[in-house]
Amino acid sequence: MNDERGNLLSIHRLKKSYLIENSRTMKQERVEVIRKLSLDVREKEAVCIMGRSGCGKTTLLKILGGLLAPTEGVIYYRKEALSGYTGKRMEAYRRRQVGFVFQDYKLLDHMSVRDNMILPLLLEHRNVEEALRRVEEMAARLQIGNRLEYYPNELSGGEKQRAAIGRALMNDPELILADEPTGNLDEASGRMVMELLTGLQKELHKTLVLVTHDKEIAGYCDRTVVIRDGRIEKDRLH
Ligand SMILES: Nc1ncnc2c1ncn2[C@@H]1O[C@H](COP(=O)(O)OP(=O)(O)OP(=O)(O)O)[C@@H](O)[C@H]1O
Ligand SMILES: [Mg+2]
C-alpha cells in the first residue's frame, strides 16, 4: 500500500492534534484536526485538496512539507519515512525537494523580484552567473521578465504570485505545495496563475498538491480529494 510504485508521497494513517489552552478552564486540551488520513500522491500528479475552513488542509500541507510533525502516522517520501530524517536531511528536504506557494505570497518586501527569486539558489551556494540566468529564464516563462527590478509593493497580486511561483521553482523541487495560491486574486489573474503553475508543473514533471476553495481552480488539477472531519470524504480523478 505505502510502497506502491510511482508514488511520490504516501500518507499512512496520519493523525494530527494540537494542544490548546481552554480560555475558560485554563486547562490544556487536545484538539484532533486530522484523524487517520491515508492518501497516496503519484509522481507528476496534480492533486487538489478541498474541504471546509478548519478541516486541516493547511495543517496537512505543512506536514507534507516537513514544517510540522505528525502526532501519529507516517509520511513516506519515495518510500522513506520523513520521521526518520535527521535535522540536516529534513532541512535539505524543505529546501530542495519542496517548493512552497502561499496565499499571501510571502515575498520579501525590501528585495526586488530578482533578489527574491535568486535567494533560494544562493542559499544553496549555486554559481551566481548561472543563478542569474535561471532567474531570467523562469521570469520570462512566468511573464514577469520585465518586472525583475520591481519591488513586491509595485506589483499586482497576480504578478506577486507569479514571482512567488518562480521562487518556489528555483531549486527545481520535485514537489510543489500550494496553499490557496489564487485566494487573494481576481478570477482573471487566478486563471492565469493556474495556467502557468499547472503548465510548468506538467512541463517540468513536478508533483503538485494544491489547496483551494474554488471548484474552477480545482479543475486545473488531475484529481480532487475532499477532506471532512479530518478524513478523506471523496477522492476522484477528473
Ligand atoms: N498552531 C495551532 N495551534 C492550535 N490549533 C491550530 C493550530 N493551527 C491550526 N489549528 C487548528 O486546526 C484546525 C485546522 O486548521 P488549518 O489551518 O489546517 O485549516 P484549513 O483547512 O487550512 O482552514 P482554511 O480553509 O480556513 O485555511 C483549525 O481548527 C485551527 O484552529
Ligand atoms: Mg488553510
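Q: Where is Met-26 found?
A: Met-26 sits in the loop between E1 and strand E2 (28-42); strands here are DSSP runs of E with at least two residues, helices are runs of H or I with at least four, and both are numbered from the N terminus. Before we go on, this is a predicted model, where local features need pLDDT of at least 70, side-chain atom pairs count only at pLDDT 80 or more, and totals for chains, interfaces and linings use all residues. Residues are numbered from 1 along each chain as its sequence is written, while chains are lettered from A and ligands numbered from 1 in the order in which they are written.

Q: Is Met-26 buried or exposed?
A: Met-26 is exposed, because it has 7 C-beta neighbours inside 10 Å.

Q: Which loop is His-125 in?
A: The loop between helix H3 (113-123) and helix H4 (128-141). His-125 has a positive phi of about 60° although it is not a glycine, and His-125 is exposed because it has 8 other C-beta atoms within 10 Å.

Q: Switching to the ligand: which residues are around ligand 1?
A: Tyr-18, Ile-20, Val-33, Ser-53, Gly-54, Cys-55, Gly-56, Lys-57, Thr-58 and Thr-59. Being near means that the C-beta atom, placed from the backbone, lies within 6 Å of the molecule.

Q: Which element gives the largest share of that shell?
A: H1, with three residues. Strand E1 (7-21) and helix H1 (57-64) each supply at least two.

Q: Now Tyr-77. Buried or exposed?
A: Tyr-77 is buried, because 20 other C-beta atoms lie within 10 Å. Tyr-77 belongs to strand E4 (residues 72-77).

Q: What does Tyr-77 touch?
A: Leaving out residues up to four places away in sequence, Tyr-77 touches Leu-8, Leu-9 and Leu-82. A contact means C-beta atoms, placed from the backbone, within 7 Å.

Q: How far is the C-alpha of Tyr-77 from that of Leu-64?
A: They are separated by 8.9 Å, and the two residues are 13 apart along the chain.

Key. A residue is buried if 20 or more other C-beta atoms lie within 10 Å of its own, exposed if 12 or fewer, and partly exposed in between; C-beta atoms are placed from the backbone. Two residues are in contact if their C-beta atoms, placed from the backbone, lie within 7 Å.
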